[in-house]
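Visitor: I am new to this structure and would be grateful for a close look at the pairing of charged side chains. Please set that part within its surroundings.

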Amino acid sequence: MKRLHIHVSVDSIAVATRFYADLFGAAPSVVKDDYAKWMLEDPRVNFAVSTRGKAPGLDHLGIQVDETAELDVLAERLEAAGHATFDKGETTCCYAESDKAWTRDPAGIAWEAFRTFGESTVYSAPKAAVAKAASACCAPAVGAASATAKTACC
């Protein structure tokens, strides 16, 4: 099953957490000094806020899947549609362990397809496979088309 992911950069986690908790009628499932996340069922969305972005506003969108096969299908769809993907494989990002693939839509918005398989005590941690990237969880820079491209930081 798939879940829409929305990540918004904010100036204040406390202010954003109060606002979105009121809006969603639910407390976040994860709260850190620089990050909060709601795993909502109605609507089915993984909604996150963090102070990691360059400016307040939309950071990126994504689709979260439960199975590796679903992630493979999403990455194949992007490639078949002619969109370059940036595959990070296993990574630590947003206090979670995940497999990820990234792309940018025609408007330049970063999209990630990912499967989360564990929790982490740190926001991000570089893996050997992404040693050339600035961070293990960030979207590819605009125009990036390969795994060796530099990334824009979260």
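Guide: In the protein chain, residues 24 or more positions apart account for 56% of the contacts with a separation of 6 or more, a contact meaning heavy atoms within 4.5 Å. The model is a predicted one, in which local features need pLDDT of at least 70 and side-chain atom pairs count only at pLDDT 80 or more, whereas totals for chains, interfaces and linings use all residues. Residues are numbered from 1 along each chain as its sequence is written, and side-chain values use heavy atoms, with hydrogens and water left out.

The setting comes before the pairs. The protein chain has 2 helices and 9 strands; these are DSSP runs, helices being H or I of at least four residues and strands E of at least two, numbered from the N terminus. Along the sequence they follow the pattern β-α-β-β-β-β-α-β-β-β-β. Of the 154 residues in the protein chain, 44% are buried, a term for those under 20% relative accessible area, while exposed means over 50% and partly exposed lies in between (1.4 Å probe, protein chains only). The accessible surface of the protein chain comes to about 7,800 Å², and 55% of it belongs to carbon and sulfur atoms. Such areas come from the Shrake-Rupley method with a 1.4 Å probe, and for residues only the protein chains shown count as cover.

We now turn to the pairs themselves. Side chains of opposite charge can pair when their charged atoms come close. A salt bridge is counted when a side-chain nitrogen of Lys or Arg is within 4 Å of a carboxyl oxygen of Asp or Glu, and by this rule the count comes to 5 salt bridges.

One of them joins Arg52 to Asp34, with the closest N and O atoms 2.5 Å apart. This pair links distant parts of the chain, 18 residues apart: Arg52 is in the loop between S4 and strand S5 (57-65), and Asp34 is in the loop between strand S2 (30-32) and S3. Asp34 counts as buried because its relative accessible area is 12%, and Arg52 counts as partly exposed because its value is 32%.

Another salt bridge brings together the side chains of Glu41 and Arg44, at 3.0 Å from N to O. Glu41 has a relative accessible area of 54% and is therefore exposed; Arg44 has 25% and is therefore partly exposed. The stretch around this pair holds a further feature. A cis peptide bond, with omega of about 5°, joins Asp42 and Pro43. Pro43 itself lies in the loop between strand S3 (35-41) and strand S4 (44-50).

A further salt bridge is formed by the side chains of Asp99 and Arg115, at 2.8 Å from N to O. Asp99 belongs to strand S7 (residues 96-104) and Arg115 to strand S8 (residues 110-119), so this pair ties together parts that are 16 residues apart in sequence. Asp99 is buried, with a relative accessible area of 12%, and Arg115 also counts as buried, at 17%.

Leaving aside residues up to four places away in sequence, Gly118 touches Ala96 and Glu97. The C-alpha atoms of Gly118 and Ala96 are separated by 5.7 Å, although these residues are 22 residues apart along the chain.

Asp72, Glu76, Glu79 and Asp87 gather in a patch of negative charge on the surface. Patches are made of residues with over 30% relative accessible area and no salt bridge; like charges are joined within 9 Å, and nonpolar side chains (Val, Leu, Ile, Met, Phe, Trp, Tyr) within 5 Å. Asp and Glu count as negative and Lys and Arg as positive, while His and the chain ends are not counted. The place of a charge is taken as NZ of Lys, CZ of Arg, CG of Asp or CD of Glu. Helix H2 (residues 68-80) supplies the largest share of the negative patch, 3 residues. Glu79 lies in helix H2, and it counts as partly exposed because its relative accessibility is 47%.
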